[in-house]
Amino acid sequence: MRGESPTYAAVILYYQLGDRIHDTIAALQNQQRAPDSIVLVDNASYDGVLDDAERRYPACRVLRMPRNSGYAAGMNAGASALAERFDYVLFLTHEVVMDSDCTARLISVLRERERVGMVGPKLRLLDTDITWSVGGWITRFGDVRHNLDESRASEVHWLDGACLLMRTSIFLDIGGFDEDYFLYWEDVDVSIDIRIRSGIACVPEAIAYQGTAKTPIYFRTRNQILCWHKHRQPWRVGYAIVHAVIKAAAVDLGGRAPAQAKARLVGVMDGLTGRLTSSPISMVREK
């Protein structure tokens, strides 16, 4: 691999962002090391934004999903739609804008560190110099935290799913992203799987910008329980359940926020059963 230039493809996941998606595409195409292939996955947006994307971006192929089945399903479909096998695959969400040398720096680390299976950039808030994530940590009881210490970027437990560069061989080995999550925690889950097989690292010299938001209560509760149940860590499942029930009673109901309490408790039940609420999009948008 070190004696030849590796190939890589990019999968961009789009859902009802609007014209800002063009900033993401332009930044990707203007990379010092541009991708060999790009698949734009329209996750059943039905907003017309990507209607002329293949004419506007000849190097891109648009894959239109019949329904929005979440982050993992969209990314997996995009990877499956690639016309050939590439050394690496870049997974990118629609609002991420990368510095021009971002992918070159990520690729350099994968080339130099053969036992690392996945890398991600330092993430800054969109249009600012405020760093909000240099990978992340998993606490003893299974909560997740973002890291801000660049000196520990190679020791992190997980990488944010907004921008991930993965060895294709690793992606195939783990079977892609787990589609049971729908949205949020897929990145934690895939990081755990890849760390078992190889390693992960955040690359602080590679910088990407993202508009971010807090994880909705339902998905934060459901998917944390789902993750630790999947990975057979019952003490973390138990902690997540107790923490959610206490918050529902003391914080939500005490603060007269019954909708939040309901979202938290439904999340507990769905995390234990693997069920997904019938209206996950409305849960994403909950206040």
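Analyst: Let us begin with a definition: helices and strands are DSSP runs, numbered from the N terminus. The model shown here is predicted, and the chain has 10 helices and 11 strands.

User: Is D149 buried, partly exposed or exposed?

Analyst: The general idea is a pair of cut-offs: buried means under 20% relative accessible area, and exposed means over 50%. D149 has a relative accessibility of 34%, so this residue counts as partly exposed.

User: Which side chain does D149 join through a polar contact?

Analyst: The partner is S151, and the polar contact between the two side chains is 2.6 Å. As for L106, 43 residues away along the chain, its C-alpha atom is separated from that of D149 by 18 Å.

User: How does one judge the chain as a whole, and what is its radius of gyration?

Analyst: One compares the value with that of a compact globule. For 287 residues such a globule would have a radius of gyration near 19 Å; the chain has 19 Å, which agrees. The C-alpha atoms fill a box of roughly 60 × 40 × 35 Å along the principal axes.

User: What percentage of the residues in the chain is buried?

Analyst: Buried residues make up 55% of the 287. Among contacts with a separation of 6 or more, 73% come from residues 24 or more positions apart.

Note on methods:
Residues numbered from 1 in each chain as written. Predicted model: local features only at pLDDT ≥ 70, side-chain atom pairs only at ≥ 80, totals over all residues. Heavy atoms only, no water. Helix = DSSP H or I, 4+ residues; strand = E, 2+ residues; numbered from the N terminus. Rg over C-alpha atoms; globule rule 2.2 N^0.38 Å. Buried < 20%, exposed > 50% of the residue type's maximum accessible area, 1.4 Å probe, protein only. Contact = heavy atoms within 4.5 Å. Polar contact = N/O pair within 3.5 Å; in protein donor to acceptor, adjacent residues only side chain to side chain.
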